[in-house]
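The exercises below concern the structure shown here. Please work through each task before reading its solution.

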Amino acid sequence: MSCTGSNTISFSPGLSLTAQRTRIGGSGSYSCLSTDPAVKWGRSSISGGGRNGCFFSDATTVEHITWNTGEKTEVVYRMGTVQQVAGQAVVLVVGRVVEGRFKGRTVTSPGVQAVLNPLECASQGGVERIVGPSALLIV
């Protein structure tokens with residue numbers, strides 16, 4: 001199954017040049033193409049934490065997806081890469097569905113979230129929120 005959409009991810013404290021312990025929260029929305037024509041879209045909430053910075057991520061996040069069919073999926077992402085490239089957060093996370101629809105399948109979620117001010121990484125508050133396109137590939 002392949003889904004495209006967007007995510008809004010918040011970091012507390014904000015991402016800085018040095019990795020530090022952060023809490024992660026956010027939401028996503030996706031439009032999907034699937035071998036099951038009943039699954040057309042999904043909405044998600046994201047939570048987690050770990051050591052994160054503008055150039056490094058070692059975090060565990062959980063994404064709770066509710067599909068248009070009413071079914072739910074829980075994905076745990078234990079590995080991720082977040083890199084700032086010219087003010088863009090290039091994100092790639094790989095996870096596994098641990099509960100619900102698609103249980104046992106692997107999920108990759110590449111995306112590019114825009115940082116409105118690339119200099120925020122060096123600012124006192126850091127990057128507190130990234131927003132942008134994302135994808136879900138469930139295999």
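**Confidence of the model**

The mean pLDDT of the protein (the predictor's confidence in each residue, from 0 to 100) is 86, and 85% of its residues reach 70 or more. This is a predicted model, in which local features need pLDDT of at least 70 and side-chain atom pairs count only at pLDDT 80 or more, while totals for chains, interfaces and linings use all residues. Residues are numbered from 1 along each chain as its sequence is written, and side-chain values use heavy atoms, without hydrogens and water.

**Exercise 1.** Determine in which strand confidence is lowest and in which it is highest.

*Solution.* Strands are DSSP runs of E, at least two residues, numbered from the N terminus. Confidence is lowest in strand β7 (residues 106–114), with a mean of 74. It is highest in strand β2 (residues 20–33), at 95.

**Exercise 2.** Locate the disulfide and assign its handedness.

*Solution.* A disulfide is a pair of cysteine sulfur atoms within 2.5 Å. C3 and C32 are joined in this way, with S to S 2.1 Å. C3 belongs to strand β1 (residues 2–15) and C32 to strand β2, so the bond ties together parts 29 residues apart in sequence. The S-S torsion is about 105°, and the disulfide is therefore right-handed.

**Exercise 3.** Identify the cis peptide bond and the positive phi in a residue other than glycine.

*Solution.* The cis bond joins S12 and P13, with omega about -5°; P13 lies in strand β1. Phi of F102 is near 70°, and F102 lies in the loop between β6 (88–100) and β7.

Note on methods: Helices (H or I, at least four residues) and strands (E, at least two) are DSSP runs, numbered from the N terminus.
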